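Here are my notes on the model you sent over.

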Amino acid sequence: MFRIVEKPIEVGAIVTEAFRPDCGAVATFVGTTRIDESSGASVKYLEYEAYRPMADRKLEEIGAEIRDRWEVGEVRIVHRLGRVDPGEPSVVIVVAAPRRGPAFEASRYAIERIKEIVPIWKREIWSDGYVWVGSQVDTRSPV
Amino acid sequence: MSKVTVLFFGAAADQAGARQIEVPVGDRAKLAEIWPVLTDMHPGLAPLRDTLAFAVNGEYARMEDAVSAGDEVAVLPPVSGG
């Protein structure tokens with residue numbers, strides 16, 4: 001199950017719906033928005049945008065890559081778009097596998113691949129402007 | 001004249017001052033030929049060149065790949081999901 005949503009992610013349901021009798025391990029990775037501070041200003045929230053449907057397809061590709069590499073029963077990835085407030089989940093990855101090794105490894109692989117190939121971008125909204133993460137482009141006033 | 005649609009995302013949309021434009025494209029054009037047209041129209045894009053990736057019709061593309069009339073070209077800054 002691969003989904004891009006524009007509302008809060010219901011982490012619990014995404015995890016429990018991955019439970020299966022043929023899987024003895026369910027690894028969950030939750031990425032949450034982290035707030036950095038500098039020079040008296042702070043990040044108010046993050047805002048995500050995506051190139052769809054390419055982003056949706058890339059999430060599915062990651063799922064296929066995982067199935068090529070590990071024995072897994074279920075892969076679920078949900079990524080949120082729009083405004084995400086501090087400490088809220090922006091991405092949830094759940095991998096159910098017969099054994100814990102592949103579950104852990106595949107969930108780590110999924111988040112690393114999301115950061116490599118899925119066309120999603122975030123900007124930090126600061127009190128004095130915004131910054132595109134990963135690009136040297138911002139509107140914050142110089143210190 | 002035939003055209004392609006060009007989509008800008010993230011920092012590239014900021015630098016272009018646009019999210020979607022149409023640009024003319026010749027017969028047997030390559031993606032590389034689109035870039036100078038984009039920077040002529042939106043000079044703010046030029047400094048981003050080395051950081052950008054491109055997609056044609058929703059799949060990553062290289063500069064030597066072909067583009068033809070009606071294609072959708074996307075200008076993609078470094079992704080930062082997660």
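**Notes on the model**

1. Let's start with a loop residue. Leaving aside residues up to four places away in sequence, A:Pro86 touches A:Thr33, A:Ile35 and A:Tyr45. Bear in mind that this is a predicted model. A:Pro86 sits in the loop between β6 (82-84) and β7 of chain A. In space, the C-alpha of A:Pro86 is 7.6 Å from that of A:Thr32, though 54 residues separate the two in sequence.

2. Now for chain A as a whole. You'll find 3 helices and 9 strands in chain A, and along the sequence they run β-α-β-β-β-α-β-β-β-α-β-β. Along the principal axes, the C-alpha atoms of chain A fill a box of roughly 55 × 25 × 25 Å. Of its 143 residues, 38% count as buried. Taking the contacts in chain A with a separation of 6 or more, 71% are between residues 24 or more positions apart.

3. Helix α3(A) covers residues 100-117. Its 18 residues reach 26 Å from the first C-alpha to the last, close to the 26 Å expected at 1.5 Å a residue. Which residues of α3(A) are buried? They are A:Pro102, A:Ala103, A:Ala106, A:Ser107, A:Ala110 and A:Ile114. These residues are on the same side of α3(A) because they cover an arc of only 130° around the axis. An α-helix has 3.6 residues a turn, so residues three or four places apart point the same way. On the other side of α3(A), A:Glu112 and A:Glu116 are exposed.

4. What do the buried residues of α3(A) pack against? Their partners in chain A are β2 (25-32), α2 (54-69), β5 (74-80) and β7 (89-97).

5. Next, α2(A). Its 16 residues should span 22 Å at 1.5 Å a residue, and the end C-alpha atoms are 23 Å apart, which agrees. The buried residues in α2(A) are A:Met54, A:Ala55, A:Lys58, A:Leu59, A:Ile62, A:Gly63 and A:Ile66; note that a lysine, A:Lys58, is on that list. The cover over these buried residues includes β1 (2-5), β4 (41-50), β5, α3 and β8 (120-126) of chain A, together with β4 (53-56) of chain B.

6. How do α2(A) and α3(A) cross? Their axes come within 10 Å and cross at roughly 145°, and the crossing is right-handed. From α2(A), the contact uses A:Lys58, A:Ile62, A:Glu65 and A:Ile66; from α3(A), it uses A:Ala106, A:Tyr109, A:Ala110, A:Arg113, A:Ile114 and A:Ile117. By class, that makes 7 nonpolar, no polar and 3 charged residues.

7. Last, the contact between the chains. It takes 17 residues from chain B and 22 residues from chain A. On the side of chain B that touches chain A, α1 (10-16) and β7 (72-76) of chain B each supply at least two residues. The largest share of that side, 4 residues, comes from α1(B). Sorted by class, the side of chain B that touches chain A has 9 nonpolar, 7 polar and 1 charged residues.

Methods: Residues are numbered from 1 along each chain as its sequence is written. Chains are lettered from A and ligands numbered from 1 in the order in which they are written. This is a predicted model: local features need pLDDT of at least 70, side-chain atom pairs count only at pLDDT 80 or more; totals for chains, interfaces and linings use all residues. The expected span of a helix is 1.5 Å times one less than its number of residues. A residue is buried if 20 or more other C-beta atoms lie within 10 Å of its own, exposed if 12 or fewer, and partly exposed in between; C-beta atoms are placed from the backbone. The arc is that of the directions from the helix axis to the C-beta atoms. Two residues are in contact if their C-beta atoms, placed from the backbone, lie within 7 Å. Ala, Val, Leu, Ile, Met, Phe, Trp, Tyr, Cys and Pro count as nonpolar, Asp, Glu, Lys and Arg as charged, and the others, Gly among them, as polar. Axes are lines fitted to C-alpha atoms, for helices over the stretch in contact, and angles run from 0 to 180 degrees between N-to-C directions. A crossing is left-handed if the near helix is turned anticlockwise from the far one by less than a right angle, and right-handed if clockwise.
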